[in-house]
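The sequence and the model come first.

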Amino acid sequence: MKTRRITLETHLHKIAEYDETVKNLESVFNIQKQKVIRYIGSVVTSFPTYSTHDAVHSMNIISAIEKILGQKTIKKMSGIDTFLILMCAYMHDTGMLYSDEEVKQLWETEGFQDFLTSARKREDEVGRAARKIDKAEKGEGCSVLEVRRSVAVILMEYFRPRHGQRIKHVTDARTSEFGSLLSIDDSFLPDRIIHNIYRISMAHNWSFEDILKEMPLADSFGVEEFHPRMVAYLIRMGDLCDMDNNRFNGVGIKVFGNLGEENLAHYFKHKSVETLHISSDGIVVVANVCYDMIQRECEENWLKHMEKAERDSALKNIFQNTVKEHINWKSWLEQEVTAGKMHSMELFPEKKFISVPELKYKILIDGEESESTHKNLKFLFSSEKAFKLIEDISIYQNNKLIFVRELIQNALDATKMQLYRTLSAYGFQFNEKTSPFDVERAYPNIFEEHAIMIHTDYSRETGKVYFSIRDKGIGISMDEFKRNILTTGRSWPERKEYQDEIKRMPEWLRPTGAFGIGLHTVFSVTDSLTIRTKSDSENKANEMTLYSGKKGGYAFCKKTNQTLQRGSEFSFSFLLTEELKEWVTGSNGGKLFLENVNDGIQKEIKKIMETWCVTPMVSIYADQDYGIPAFSQSTWYNELSRTEKENQLIDQSVESERYHFAFTDDYRSIMVWDREKDCALSFGMESMEGNNVCYKGIRLTERMESGKCSDSLYLNQMDVLDGAGNDWVDAARMKLSLAARRKLESVVEEATAFAKRIYVFMLDEFYQDNDIRNLTNDIDAMANRIYQKKEISLKEIWTEGCELKKKYWGVPEWWNHKMLTRKILPYFLIVKMLDKSIKLWDPESGMEEVQHIFCLADQLIKRWKMDWNGMHGESFQQSYFDQQMRTLLWHFLQIAGIGFSYVAFEKVNFDDNEKNTLFIIKI
């Protein structure tokens, strides 16, 4: 004959047959059970999109507890322990009930309004609902049905995490409208027992540590002992084990309208469970998350109203979040099982002989096991970097889109690693003197071929910006992902698998990422980041999704059959919140931004690139129509890549053990590569304002001045390509360390002295040239004539200048022009003439004479340049040429010992009247 199965209710009833106290307990339970069954079903009206929290859920919890305990253990349970398990299983979700009057009172409170303000910043369904409510309250237009749905979403989000602590409030007739309906019959029970029921019911939302801290191991009632910790633990385990299919109320969902993406992940979590076996020996769960199943049901039902692109994006999120739901659930169960085993003596009385079952929870993705499902992949933070991060990373908050700079830096690091491998495969021999310019000359355009691509797009429908950055670097293998990407703060030098390779690389090519924190700046604007990547070490590509700490820091990864080239693409979307829109609008000009949001975002992205990514090792393109050239081709250093310009004066070359140099075509700038320090420097005759120091292509908030040995040569750009990042810059990669700055001051001083010597060598060669000597004499003579004649026609100046040009170079044989003289002749001419005029000038003749000299100089240089370039009219009335004249005037007035406060110009008209330019000089 088959033995009848003993349940907790039948066990309680059996004890009640001979124990009057337990009989009273059974009566209280039966009354409370009927109350809860009658009213808890109303939870679905307040939480229509959640899994059911009704009497069936309570029964499932009790059933799971019975299986965990086993028949033998149930028989040993005391009447009061059995009563508490049954009562709390039915009571634990009563806190999810709330009344209309409670909502009315709650809505105007400061705490709830703060909750709404915070919710508006979110990107999920809750955030969208909060923003719709805000618009409706401002009278900005929102349909009644949308407002109704939004209010329901907000209230679900508000009450759900608080339902545990609300149990006593909801069931107390003195504090709640539901109290008279759900209050526990206290005619028999002492207050302390009722108090224990409340606390055990609430404990399913507590931490395990709080159970040990706040609850006693044992207490007594009548002649029996009861065990609050044990009961609370069993309720928690039973609650976690109620994960079977069909836990959602279809009617409630239809009344509400639909399930959102977040709820669908929870829905499919339950639906994907294929095995759920619970016993005292073990809990076995097998879940199979199938993309095809999710896609089919969503297209037929939940997401059928969406456009394909939006639906595909939603499907991907639902699929990944379903896996994430299982991993989180598995993690919670593992934590509970582990805690129960470790603290069994603090939970269970020895005589109960309760053992915690083993857990076997297998998660399949499309029928196969995946790396993501073996364990809960989460971000780990390198604790030794914590204080440094706290000190320095706050500067990121000054720029809402700083992630652009950081993602570029990460892409550059991966690309530099691949560049080294590519060049090594080509047979390129690196040595300690190899420079980026050597590589460019050996393999033209190799840095261009490894360009980084950025794309942005704004959707008015979703209010989101979609951002992606693609590199051609080494890609990310699954092992790399687990070892290095998930561990925040692990820099390239700390990655053992790359250490030998990095040591062989020249300093200027080594990865920059010193602190390994930049990637996580993405989570200042979004909650998830997707990486599609292909590494040469694996046959298939990987797709990885990282979730922010606000979403549990979870990481999802899987193999994909999608064909990808080696490298990585990082993509994500972020909501253009009012705060962010205001920030970007302020940066770009409000009216223009509001007319075309996408253009505004793209302009801001490009602005960040221009500000921070000045001289990247490879080219960077944004939305295809804008690019920043590679370091070796940048306007700061491109001449160093030209073989014919390297270490070349005019016709002679100069060799240096430490430095390589190259002049620009007009010789007004000199570019220097310091082979000992792996630094590049660009000097010019005019000073440029702003920060001028980069660390491996990324601009720092630093400015260095040229060495003390030069008062006429200015440092306009400097790139430090040497050493590890933490030796040079702070964690935010914004500023130099004090020691690094002192080191660079010495580097700049020595490089400035070298550049000045090279200019002296160049001028010496220049003045020894026969043509230059003859030209100098002719210009001296011309300057004398101009000065003596005073009223010389401007046409005469222009004609004489053209004759000089024709005399020395001929027309139109441009290729015979000497580069130096052709490019600097206007300056050379004006300097010689002014020099001669200053020597002839009598200071006692007053400022009128000075104005006459510089009026002629202004006309001469403008006429000469206009003729030289085949231009006409007022083409040279530009600030650039005004600045040329100001520079000359400043220089020569200083020579003459004249003090002044400012210099201004009138525009000149090249018409028949030949109006002169007037210099207004204030003494």
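The model is a predicted one, in which local features need pLDDT of at least 70, side-chain atom pairs count only at pLDDT 80 or more, and totals for chains, interfaces and linings use all residues. Residues are numbered from 1 along each chain as its sequence is written, and side-chain values use heavy atoms, with hydrogens and water left out.

I then noted that β12 is joined to strand β13 (residues 555–560) by six bridges, the two running antiparallel; strands here are DSSP runs of E of at least two residues, and helices are runs of H or I of at least four, numbered from the N terminus. Two strands count as paired if DSSP finds at least two bridges between them. I found strand β11 (residues 528–534) also paired with β12 in the antiparallel sense, over six bridges, and among these partners isoleucine 531 goes with methionine 544. β11 and β12 form a hairpin with six residues between them.

How many residues of strand β12 (residues 541–547) are buried? I read seven of its seven, where buried means under 20% relative accessible area, exposed over 50%, and partly exposed in between (1.4 Å probe, protein chains only). Ala541, Glu543, Thr545 and Tyr547 point one way, whereas Asn542, Met544 and Leu546 point the other way, and all are buried. In a regular strand the side chains alternate between the two faces of the sheet.

**The open sheet**

I looked up four strands that form an open sheet in the order β3-β4-β5-β6, with mixed pairing. β3 (273–278) and β6 (368–369) stand at the edges with a single partner strand each, so one side of each has no neighbour in the sheet. β3 runs antiparallel to strand β4 (residues 282–289) and is joined to β4 by five bridges, and histidine 277 has valine 284 in β4 as its bridge partner.

**Two positive phi values**

I recorded asparagine 246, in the loop between α14 (228–241) and α15 (250–256), with a positive phi near 60°. Lysine 696, in the loop between β20 (693–695) and β21 (698–699), likewise has a positive phi, near 50°. Most residues other than glycine have a negative phi. Is each of these buried or exposed? Asparagine 246 counts as exposed because its relative accessibility is 74%, whereas lysine 696 is buried, with a relative accessible area of 5%.
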